[in-house]
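Open the structure in your viewer and keep the selection tool at hand. We will go stop by stop.

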There are 2 protein chains.
Amino acid sequence: MKDVKGLKRVAIAGFGVVGRGLAKALVTKKDVLIKRAGDYRIAAICDSKGGIYSEEGVDVFEAIRIKEKEGRLPEELTVEDIIDRIDILFECTPTNVETGEPGLSHIKLALENGVDVITSNKGPLVVGYKELMKTAKKTGAKLMYEATVGGAMPIIKLVKNELAGNEVLSIKGILNGTCNYILSRMEQEKMPYSQILSEAQELGIAEADPTYDVEGIDAAAKLVILANSLMNSNATFSDVERTGISSITPEAFEIAAMKGYTIRLIAEATRDELRVSPRLVPFNSPLCVYGTLNAALIQTDLAGEVVVMGRGAGSSETASAMLSDFVELSRCGSK
Amino acid sequence: MKDVKGLKRVAIAGFGVVGRGLAKALVTKKDVLIKRAGDYRIAAICDSKGGIYSEEGVDVFEAIRIKEKEGRLPEELTVEDIIDRIDILFECTPTNVETGEPGLSHIKLALENGVDVITSNKGPLVVGYKELMKTAKKTGAKLMYEATVGGAMPIIKLVKNELAGNEVLSIKGILNGTCNYILSRMEQEKMPYSQILSEAQELGIAEADPTYDVEGIDAAAKLVILANSLMNSNATFSDVERTGISSITPEAFEIAAMKGYTIRLIAEATRDELRVSPRLVPFNSPLCVYGTLNAALIQTDLAGEVVVMGRGAGSSETASAMLSDFVELSRCGSK
């Protein structure tokens with residue numbers, strides 16, 4: 001760490017639901033975190049339209065109040081402006097799986113300057129995993145990204161650390177909560193896709209333009225991250241064979257149910273292929289989860305099958321994943 | 001590490017199924033492990049009747065051959081004899097939850113001598129958790145024990161690290177594979193306890209004297225370890241309210257099934273109590289697992305509910321858990 005006193009100066013880029021949830025958790029959980037990660041201070045917060053900086057530490061709740069009232073932070077401030085005054089960047093800007101921006105530029109800049117990064121943004125990893133890892137290796141900065149896959153469901157560090165020594169033979173998972181909500185409601189209510197989608201949109205579970213979720217784009221992005229980081233792949237988004245859920249009918253569920261199956265959007269990575277598609281899942285499978293839950297079945301050589309489930313999204317859930325990266329970074333460094 | 005070249009000299013105490021499985025994994029997985037944990041050498045193996053030591057590293061497969069042929073290792077050698085010539089002790093002797101021995105003495109000796117310990121033995125932790133941790137703190141040696149609970153199911157480091165920053169509100173789990181096998185077979189076959197127990201004994205899933213498993217002793221020991229290490233408790237075995245499974249009837253399963261439930265032996269730790277008892281579990285609960293699987297539902301403040309499942313026992317499964325401790329120890333130290 002740069003600061004002579006060992007105090008880590010952190011910044012948050014992106015101050016939407018994820019960034020604000022993280023900021024709150026960094027304040028409210030400070031006592032617990034200091035014990036595991038050492039002392040720290042939120043020195044800066046940047047969003048797309050402005051920022052706020054304080055050498056003594058930003059007043060987080062005041063920043064949230066301003067952001068929620070004004071729609072932006074008060075100062076003209078970019079990540080570039082503060083990069084030489086921080087030790088860790090929490091990157092929480094929105095995902096763009098085509099360009100990776102603005103996260104990609106933020107992360108590159110940070111790593112090039114020896115600043116460690118903890119990100120919840122899938123885009124930069126999908127677009128530039130290999131390059132980012134190369135930069136990190138060169139400068140010794142670290143890039144952590146537990147929050148990009150599965151929300152609060154532990155998976156990346158789980159496999160790297162808890163299953164260290166194992167070879168991962170395959171990963172099969174429910175990685176998109178919106179699709180899982182729609183499919184489990186279709187199963188339970190025997191109603192058509194369009195109707196359940198509307199319901200999900202009303203509840204805020206699906207976006208006004210649901211393409212990103214229902215066409216399997218989000219799940220495919222997560223699958224690329226898992227394959228690259230846990231199975232030593234060198235995959236890009238276009239390597240994923242992808243089918244969405246919009247053409248599934250209530251009748252398909254009925255026919256499946258007669259044989260003891262339901263239908264879920266399954267993302268699967270094996271040595272040979274990456275695939276996101278609606279698949280038959282036995283009712284007694286651990287992957288038959290309901291609502292917005294995420295689940296993953298990791299097939300290994302020594303441990304056999306290990307299953308994890310958890311909340312795939314949400315403000316405090318994403319914060320939980322980022323805090324675990326924060327502790328890991330401070331404790332061990334990433335490898 | 002003591003060795004000037006950074007090479008870690010490890011010893012294995014207890015050369016039964018667990019010790020032999022671990023020894024094999026340390027040899028066959030050496031390439032992968034060296035990258036994460038640094039170089040190492042198995043300098044000694046001790047069992048209850050003998051041992052084997054080699055400064056250049058024991059020939060593990062020869063040691064296994066001798067042990068399986070002779071029932072013991074050739075030299076007169078105890079853990080005491082080799083403690084000043086090793087850096088890490090893998091403690092794999094059988095569990096005794098009353099005395100903790102022989103593991104307790106081995107672990108004490110190691111920690112007092114600054115030797116890190118990785119154990120699969122519940123006994124010493126149930127009997128002497130607080131004292132052992134105190135000794136470890138004093139000498140700076142580390143005590144790791146992922147393999148004591150849940151076999152290959154990640155739980156201890158999962159909560160400490162992957163859920164770092166979270167407060168654990170409760171843990172509820174299936175922690176004994178033998179009981180779960182018996183109960184799931186009773187559910188599926190509608191047969192009485194005694195008959196399924198005999199079947200399990202024939203298959204080697206239950207011991208000739210099944211008390212330790214079916215009376216919930218094993219599950220209670222694991223629950224004490226979870227509560228002490230993950231919920232900041234100071235519990236002992238007698239704090240667990242414990243009921244076994246031997247009086248459950250096929251009729252109980254029938255009545256439960258009519259309401260959508262089955263019966264499982266649930267170990268539960270909350271702020272207020274530690275309990276192991278047969279409980280009604282909804283068929284669609286993640287804790288409704290079958291066969292010898294283990295499962296745990298961890299309730300947290302930030303991440304909400306996180307569920308893990310995995311194989312609760314087995315030679316390579318236990319080795320998997322111990323190897324993850326080995327990597328963690330070498331990478332980060334334990335906290």
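**First stop: a pair of facing residues**

Select B:L89. Opposite it stands B:V117, in β5 of chain B. This is a predicted model.

Now widen the selection to residues 88-91 and 116-119 of chain B. These are strands β4 and β5, and they pair in the parallel sense over 4 bridges.

**Next: the whole sheet**

Stay in chain B and select β1 to β6. The 6 strands form an open sheet in the order β3-β2-β1-β4-β5-β6, with mixed pairing. Which strands stand at the edges? Select 51-53 and 143-144 of chain B: these are β3 and β6. Each has a single partner strand, so one side of each is left without a neighbour in the sheet.

**Then: the core**

Select A:A11, A:I45 and A:L223, then B:A11, B:I45 and B:L223. The largest nonpolar core has 226 residues, and these six touch the most other members.

Zoom in on A:L223. What does A:L223 touch, leaving aside residues up to four places away in sequence? Select A:L175, A:V240, A:A267, A:A269, A:L274 and A:V276.

**Step back: two chains**

Show chains A and B together. A rotation of 180° with 0.0 Å of shift along its axis superposes chain A on chain B, with an RMSD of 0.0 Å. That is the relation of a two-fold axis. Now select the interface. Of the interface residues of chain A, 100% are also interface residues in chain B, so the copies meet through the same surface.

**Last stop: confidence**

Colour chain A by pLDDT. The mean is 95, and 98% of the residues in chain A reach 70 or more. The model as a whole scores ipTM 0.94 and pTM 0.95.

Conventions. Residues are numbered from 1 along each chain as its sequence is written. Chains are lettered from A and ligands numbered from 1 in the order in which they are written. This is a predicted model: local features need pLDDT of at least 70, side-chain atom pairs count only at pLDDT 80 or more; totals for chains, interfaces and linings use all residues. Two strands pair if DSSP finds at least two bridges between them. Helices (H or I, at least four residues) and strands (E, at least two) are DSSP runs, numbered from the N terminus. Copies are superposed by least squares on the C-alpha atoms of residues with pLDDT of at least 70 in both. Two residues are in contact if their C-beta atoms, placed from the backbone, lie within 7 Å. A nonpolar core is a set of buried Ala, Val, Leu, Ile, Met, Phe, Trp, Tyr and Cys residues joined through C-beta atoms within 7 Å. A residue is buried if 20 or more other C-beta atoms lie within 10 Å of its own, exposed if 12 or fewer, and partly exposed in between; C-beta atoms are placed from the backbone. pLDDT is the predictor's confidence in each residue, from 0 to 100.
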